[in-house]
Amino acid sequence: MFAAQDRRIISMWFPRLATDRVLRGSSVTGPFALTLRVVNAERLSCLNDAAEKAGLARGMSAADARAFCPDLLTAPARPDLDARFLSGLRRWALRYCPWVGREGADGLVLDVTGSTHLFGGEAQMLEDMRARALRTGLTLRLGAGHTRGAAWAFAHYGQGHIQDLAELPVAALRIDPQTVTALQRLGLRQIGDLQSAARAPLARRFGVGLMERLDQAMGIMPEPVTPEEEAPSFATRMSLPEPIGLSADVMGGVERLLVPLCDKLARHEKGARRLLLTLRRVDQASQQVELRLAAPMRDPARILPLFARGVAEVDAGFGIDMLRLEAVGIEPLAMVQLGHARRNPDQLDDLVTRLGTRIGLENIQRFLPAESHIPERAFTLAAAAFSTPDPAWSAPRPRPVQIFPPEPVTGTMGEETPRPPARFRWRRMGFETGRTTGPERIAPEWWLPDEGRHAGLRDYWQVDTREGRRLWLFYTPQNPAWFVQGEFA
């Protein structure tokens, strides 16, 4: 048995975390609930106090809730925003102790051992927590104990006069509802009843998890509080003793900020995709220079010249006295071993970045292969900065360098087996057919409608004209006609 009696754990439970987050800046006083889609049905996920007093409960379908309470106001739940809000509350709770961890999706756990005297005692610390939560519009329930399980039990089930863990229901042991129901059917309704019962039969029937939860709550088995690691902040700042206004001086400051920022990115094996430079003037006005990169980077020598265009357009006013550089968009970027024989693939990324600062990264596009036999559907366009080239691009048969929409030609067709005409006109030019290769029949994709394309089959031919042009012609048997769709090199 470990020394659990010397520890003090506080459990902070926010039963209405989601609705409190939404209603903090709102004037809604009537019934309000957040809905979440569960198995193709909208159900209530969190309710305010007025909705609970109206008889509504979590898990109720939204349609039944509106029929039962016509004045009910609803909004869609946002679990991602709730998690971010709980992260902010965890940082706020660091004022009480350095060991603060999450407890589910709506709670925090604090190991306040050795820090209660800073607030005048444990009772004064708990009262300060309640007062601050009340001022910010949060519903907070607190529990304190020698173990994490006991603190959680008092926060969720120990409100009122109950001060003994043995008097709490068995649901306070953080076990699943099915196990709670089975224990109640056996007459084991309180934790004290579970303590006095034989352990071996309970372990055989319900597994060792039930006994572990009981031992953790009683302090027989340790359950540590693991503080959440702070996410790294990739930002640097510089305050200047004298204002500056020349572009060269600003670029010098940016260079000094880039070095520690890139070093921090390298330690975390990250690369910046979007950088934001904030320049504060002496009149407290701020200007920002945003730099979007074509690929993750953390090399100061490569990034610094890219800021020159944006810095040159800054109005320094009466001077700039503070610079702040932040990597607002980061991506994983592993360490790379350098060598003399290694190619430098970063040159293309640098070129795309320089062009992207002028015309926009989305306007620089590359071709990517697509799974289709139809020539005009065999490729797609994607932004070069947000895609990677496909090295496996291969054509089963030779394809022209230039492909364009089908253009009709005029000429004399064969009678039985259609072959390219001996003479034809295309783009107001006359051609005489030399060597031909084909045909290559391509059938249309019947599951993809396309009104702009000629329906039916296509027979493609490679035609070498005596005038020196190598054209890609096709013939449509269902509607006899010839078209040119490409030109070889």
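A residue counts as buried under 20% relative accessible area, exposed over 50%, and partly exposed in between, with a 1.4 Å probe and protein chains only. The model is predicted: local features need pLDDT of at least 70, side-chain atom pairs count only at pLDDT 80 or more, and totals for chains, interfaces and linings use all residues. Residues are numbered from 1 along each chain as its sequence is written, and side-chain values use heavy atoms, without hydrogens and water.

L348 has 48% relative accessibility, so this residue is partly exposed. L348 lies in helix α14 (residues 346-359); helices (H or I, at least four residues) and strands (E, at least two) are DSSP runs, numbered from the N terminus.

Helix α6 is largely enclosed by the rest of the structure, because nine of its 10 residues are buried. Among them are W152, F154 and H156. The buried residues of α6 pack against strands β1 (9-13), β5 (100-102), β6 (107-111) and β7 (141-145), and against helix α10; contact here means heavy atoms within 4.5 Å.

Helix α10 (residues 208-218) has its own buried residues: L210, M211, L214, D215, Q216 and A217. Their cover includes α6 (148-157), α7 (177-185), α8 (191-196) and α9 (199-206). After α10 comes G219, with a positive phi near 90°.

Elsewhere, three strands form an open sheet in the order β3-β2-β4, with mixed pairing; two strands pair if DSSP finds at least two bridges between them. Strand β2 (residues 32-37) pairs with β3 in the antiparallel sense over five bridges, and A33 stands opposite L47 in β3.
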